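Please read it alongside the sequence and coordinates.

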Amino acid sequence: MSVEHEPVQDALLRTRVDGERHATGYDDETRARLAADAAAIVARYPQARSALLPMLHLVQSQDGYVSPRGIAFCAAELGLSTAEVSAVATFYTQFKRHPNGTYTVGVCTNTLCAIMGGDAIWEELTEHLGVGHDETTPDGAITLERVECNAACDYAPVVMVNWEFFDQQTPASASDLVDRLREGVPVAPTRGAASVCTFKQMSRVLAGFSDGRADEGVGAGEPTVRGTVLARERGWSAPAYPDAGEPPAPLDEDAKPAATGAGPTPAGQQPGADPKVGAEQSSAQHAPSTPADTSDEAAGRAQRSDDAKES
């Protein structure tokens, strides 16, 4: 598969005109197609405005970012102001406010990935590509991101390309990966789909339109299922939860709580019952258990506290 990358400057010129604040909008054919897709998205929700997040992915699949005309389109379709749409678009990092590359390469530098080599991978790629966080290579191929967590700690260090996993990477393997992407050479994720789609294609999937690849490849690799395999080999099983399946005993409405002088019954505890481990209980309800609790000084503090409450 050969992919042509649109240079960043060309993408800017395609959607913005010198002297104008916003792009001129979609042509009739594009707008009709987007409107049909938008109608399908809105139909999933009881209120139209709830469809805003997938709608933003939809316009991002068209323009490669959430463009001014994309914001205007979402606002018109959902009966919102452009300010309301912009407020949402600027909150989530998956929505780009400037042209994105054909591939978003995210390097996890959160704790586990960092100590396993994620920081070294990040430093290598920033130098190798000549760009920093949320910046795009001049050829329009790669937008580089520093990611807080890719939710794949058992495969650290992890790099993602358009949210497809590339596990247990090294600085050298990551450099080779981005070189292949820039050259248009097909790359296969470690898990999941058999190949990596473009940023625009991925955005359409996030808008809720399946590309038919959800069941491709391996979903859970060896590290993920290691605990299950060990449990089966060694005959381990989780203990039954106490009182599992047994409904709580009905409360006798005629029963009266025992007079303990300990104050109101804590939440989750039946009247008159001994406090249970984990039940809510204030410090004033704790029974004296140490010499410090029963000393004259402690008694004086308790009395002064009671007096203050009554005053």
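The model is predicted: local features need pLDDT of at least 70 and side-chain atom pairs count only at pLDDT 80 or more, while totals for chains, interfaces and linings use all residues. Residues are numbered from 1 along each chain as its sequence is written, and side-chain values use heavy atoms, with hydrogens and water left out.

**Whole chain**

The chain holds 11 helices and five strands. These are DSSP runs numbered from the N terminus (helices: H or I, at least four residues; strands: E, at least two). Of the 311 residues, 36% are buried. Buried stands for under 20% relative accessible area, exposed for over 50%, and partly exposed for values in between (1.4 Å probe, protein chains only). Accessible areas come from the Shrake-Rupley method with a 1.4 Å probe; for residues, only the protein chains shown count as cover. Among contacts (heavy atoms within 4.5 Å) with a separation of 6 or more, 64% join residues 24 or more positions apart.

**Nonpolar cores**

A nonpolar core is a set of buried Ala, Val, Leu, Ile, Met, Phe, Trp, Tyr and Cys residues joined through side-chain atoms within 4.5 Å. The largest one has 22 residues, and M55, L56, L58 and V85 touch the most other members. Two or more residues of this core come from each of α2 (28-42), α3 (52-63), α4 (68-78) and α5. Leaving aside residues up to four places away in sequence, M55 touches A38, I41, F73, C74, E77 and L78. A second, separate core has 21 residues, including W122, V131, I142 and V196.

**Aromatic cluster and surface patch**

Rings of Phe, Tyr and Trp (its six-membered ring) pair if their centres lie within 6.5 Å; planes under 30 degrees apart are stacked, over 60 edge-to-face, and the rest tilted. By this rule there are three aromatic pairs. Two of them are listed here.

| Pair | Type | Centre to centre | Angle between planes |
|---|---|---|---|
| F91 and Y92 | edge-to-face | 4.9 Å | 80° |
| Y92 and F95 | edge-to-face | 6.1 Å | 90° |

Ring pairs link F91, Y92 and F95 into a cluster. How exposed or buried is each of its residues? F91 is exposed at 63% relative accessible area, Y92 is partly exposed at 38%, and F95 is buried at 6%. F91 sits in the loop between α5 (82-89) and β1 (103-108).

F91 and Y92 also form a nonpolar surface patch with L53, with about 320 Å² of accessible area together. Patches are made of residues with over 30% relative accessible area and no salt bridge; like charges are joined within 9 Å, nonpolar side chains (Val, Leu, Ile, Met, Phe, Trp, Tyr) within 5 Å. A salt bridge is a side-chain nitrogen of Lys or Arg within 4 Å of a carboxyl oxygen of Asp or Glu.

**Backbone features**

The peptide bond from A156 to P157 is cis, with omega near -5°. P157 lies in the loop between β3 (142-147) and β4 (159-161).

D134, a residue other than glycine, has a positive phi near 60°. Its place is the loop between α6 (111-129) and β2 (135-136), and D134 is partly exposed at 26% relative accessibility. N162, also not a glycine, has a positive phi near 50°. N162 is in the loop between β4 and β5 (164-166) and is buried, with a relative accessible area of 2%.
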